[in-house]
There are 2 protein chains.
Amino acid sequence: MRARGIDAMFVMKPANLAYLTGDSRPCALGLLTAAGRFIVAVPECDLASVRAASHATDIRSFRSEDEMFHGFREVLTELRLDEAAVGLEKNFFDAELHEVFSAHILPRATVVSATPVLSSLRMRKDAQEIELLRHAAQVADAGMDAAVKSVRAGTAETLVAAEAEYAMRKAGAEGWAAPTYVASGWRSAMAHGPATSKTIAAGEVVQVHVAPVVDGYTVDLCRTILPENAASEASADLKVYLEAQEAGIAAAAPGAPLLGIDAAMVHVLETRGYADRFLRPTFHGVGMEHEEAPIPGGHAVIHGEEQIEEVQAGMVLAIGNCGIYRQSYGVRAEDTVWISPDGPIELTRYPKNPRTR
Amino acid sequence: MRARGIDAMFVMKPANLAYLTGDSRPCALGLLTAAGRFIVAVPECDLASVRAASHATDIRSFRSEDEMFHGFREVLTELRLDEAAVGLEKNFFDAELHEVFSAHILPRATVVSATPVLSSLRMRKDAQEIELLRHAAQVADAGMDAAVKSVRAGTAETLVAAEAEYAMRKAGAEGWAAPTYVASGWRSAMAHGPATSKTIAAGEVVQVHVAPVVDGYTVDLCRTILPENAASEASADLKVYLEAQEAGIAAAAPGAPLLGIDAAMVHVLETRGYADRFLRPTFHGVGMEHEEAPIPGGHAVIHGEEQIEEVQAGMVLAIGNCGIYRQSYGVRAEDTVWISPDGPIELTRYPKNPRTR
């Protein structure tokens with residue numbers, strides 16, 4: 001914070017609170033000072049459990065959202081930070097709340113973005129975090145297995161999601177970082193395919209995407225399930241896509257340019273005639289959130305993140321975010337990859353080319 | 001829009017896109033003009049399916065988020081809206097994106113909030129919407145029933161969530177508008193209790209909260225499950241809470257003051273000695289989102305919504321959002337209530353006082 005000239009920052013995003021204090025409940029607001037104080041305000045009824053769970057130095061309570069926000073005016077005065085440089089999570093606060101907050105809580109402060117500080121901390125995962133991500137990946141693999149086993153003609157997409165989520169809950173999932181996608185037939189040609197009541201027809205391609213949360217960490221896993229006697233075109237498309245994904249993963253070595261992952265994937269897709277058939281971004285960071293730093297290239301700005309130049313050991317990336325889209329179907333495979341000091345290691349391990357049974 | 005002096009507005013929130021065009025996919029951006037044109041940009045691969053589903057007058061495509069945002073600069077010029085009053089969903093755009101968008105897409109326009117226009121439309125549900133909400137309520141009731149049947153000592157909270165979600169998927173749930181809460185024992189004393197791996201112990205109070213999405217609509221349903229031989233204190237607390245909730249629901253008649261619902265609930269709680277044991281808000285709107293207009297009192301500002309004075313026929317409210325919290329447990333019941341022209345009608349109908357079997 002000192003290096004970036006930030007005197008204090010407000011932390012409200014649950015993933016950031018979890019990272020800094022060990023407690024991620026929603027509807028809490030923290031103020032971290034460069035001097036190392038961390039004041040967290042939580043609903044009054046939560047005081048006892050927060051005291052047990054949180055590393056914050058000072059825990060206060062409120063009885064309404066109103067009280068939560070306004071209470072911090074006095075805290076800022078108490079800490080003599082009324083006119084300080086104060087960071088806000090500008091990619092978490094909505095524009096309306098940001099305006100109200102700046103005008104009423106920080107009328108004389110200099111408001112800056114807290115995101116780069118928090119993202120640069122969270123972007124490089126330590127050994128304990130990798131263990132948690134490995135566990136989340138096992139849960140995702142179990143969910144994918146249940147999904148693949150339940151895909152058959154005549155089943156609704158929502159029932160495939162039911163089996164995937166049930167298996168993930170049984171394996172330890174605490175929730176979902178993104179909706180469970182089950183997109184069959186023409187729906188697999190869409191960029192985003194949360195399960196609907198559509199019935200899977202014989203011979204249809206089915207895309208499944210799961211994102212369980214386990215112990216506060218999440219992974220991304222997507223597979224395309226081809227029917228046993230898949231049209232050779234879908235099968236050929238998936239083969240090329242998996243080659244592209246493999247090339248992207250291989251390019252994710254510590255010290256390599258971050259956009260080299262994109263270049264490697266795109267090179268395969270373009271040279272094989274798929275230049276017009278994919279969408280960017282081809283990858284993104286994943287960990288405590290479904291999408292987090294590093295976010296590649298121009299997408300970083302839109303997500304309120306800094307552009308990162310290099311692949312770094314400790315990053316965890318979801319590689320294969322782009323898909324190949326045709327008029328009547330699409331194929332995609334996405335895996336969560338840990339950038340170990342020795343190179344990329346896939347945490348999600350479900351077979352890449354599942355078939356309808 | 002004309003009454004509020006808005007020439008055009010950008011629509012990106014999926015619930016608003018769904019309401020206006022019939023198609024709610026994420027990662028789409030629409031521009032609605034006061035003259036009645038509606039230009040929607042979607043990922044290139046989605047073009048065919050959006051054309052089939054959307055009522056937008058003009059559908060364009062993009063191949064990256066970057067392209068999506070920048071493409072609208074030309075659209076604005078084409079429509080001669082560069083210097084117009086343009087609405088943005090300020091309680092959906094994050095502060096960072098709002099800044100980038102204002103600076104690069106709308107550098108010469110007057111940027112205003114689109115939220116009041118959209119919320120005032122969505123706040124009053126028509127007959128067809130009430131039917132969809134009734135269906136979502138049936139799905140929620142089925143989920144609650146499965147949860148209640150699975151609560152027993154020795155079961156993890158996540159396994160209760162597994163049964164609730166599985167039952168809701170089988171009944172038609174397309175997804176979840178909020179995490180499934182299963183909060184047992186001391187965790188029931190927290191304001192927010194998504195299921196964790198905690199094991200339910202004998203004699204513990206268990207709070208369950210479900211929010212399925214069915215056909216784009218969602219409801220709120222919360223119950224507190226008391227053990228068969230519950231400590232008389234928890235049982236007495238729940239009795240008072242249910243009285244307060246009933247009073248709140250009774251106060252939700254068309255034409256009555258909106259904050260009368262809060263006053264009615266709080267009157268019961270305060271006169272029965274619970275003045276320090278609940279949190280506000282006591283209720284909120286629900287429909288295409290888990291929390292939507294009307295948002296009561298000062299909470300409206302924080303949510304970027306207008307303050308609404310009166311209960312109106314067609315509103316759908318989740319009443320009972322506040323709970324009674326003690327040191328070692330909490331009790332709560334929340335129901336989704338349609339304000340019919342003849343008065344409030346509960347859509348969620350699960351029995352109010354379930355017991356562990």
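## Close-up views of a predicted two-chain model

**View 1. A:T77 and its surroundings.** A:T77 counts as exposed because 10 C-beta neighbours lie inside 10 Å. Helices (H or I, at least four residues) and strands (E, at least two) are DSSP runs numbered from the N terminus. Between the C-alpha atoms of A:T77 and A:R134 there are 44 Å, with the two residues 57 apart along the chain.

A note on reading these views: this is a predicted model, in which local features need pLDDT of at least 70 and side-chain atom pairs count only at pLDDT 80 or more, while totals for chains, interfaces and linings use all residues. Residues are numbered from 1 along each chain as its sequence is written, and chains are lettered from A and ligands numbered from 1 in the order in which they are written.

**View 2. Helix α1 of chain A and what covers it.** In α1(A), residues 14–21, the buried residues are A:A15, A:N16, A:L17, A:L20 and A:T21. Their cover includes β1 (8–11), β2 (29–33), β3 (38–43) and α5 (115–123) of chain A. Look just after the helix for A:G22, which takes a positive phi of about 85°.

**View 3. The side of chain B that touches chain A.** Here 57 residues of chain B are in contact with 57 residues of chain A (contact: C-beta atoms, placed from the backbone, within 7 Å). Helices α2 (47–53), α3 (65–78), α4 (95–104), α7 (157–171) and α10 (299–302) of chain B each supply at least two residues of this side. The most comes from α7(B), with 8 residues. By class, this side of chain B has 27 nonpolar, 16 polar and 14 charged residues. (Ala, Val, Leu, Ile, Met, Phe, Trp, Tyr, Cys and Pro count as nonpolar, Asp, Glu, Lys and Arg as charged, and the others, Gly among them, as polar.)

**View 4. Helices α8 and α9 of chain B.** The axes of α8(B), residues 232–250, and α9(B), residues 259–271, come within 7 Å and cross at roughly 155°. (Axes are lines fitted to C-alpha atoms, for helices over the stretch in contact, and angles run from 0 to 180 degrees between N-to-C directions.) The two helices are therefore roughly antiparallel to each other, a term for angles over 145 degrees. Residues that meet here include B:V240 and B:A244 in α8(B), and B:I261 and B:V268 in α9(B). This contact has 9 nonpolar, 3 polar and 1 charged residues.

**View 5. Helices α6 and α7 of chain B.** With axes 8 Å apart, α6(B) and α7(B) pack at an angle of about 150°. Among the residues of α6(B) that meet α7(B) are B:V139, B:A142 and B:G143, and from α7(B) come, among others, B:L159, B:E163 and B:Y166. The classes in this contact are 12 nonpolar, 3 polar and 2 charged residues.

View 6. B:W176 stands opposite B:P212 in β10(B).

Notes:
Contact = placed C-beta atoms within 7 Å. Parallel < 35°, antiparallel > 145°, perpendicular 65-115°, else oblique. Pairing = 2+ DSSP bridges. Buried ≥ 20, exposed ≤ 12 C-beta atoms within 10 Å, placed from the backbone.
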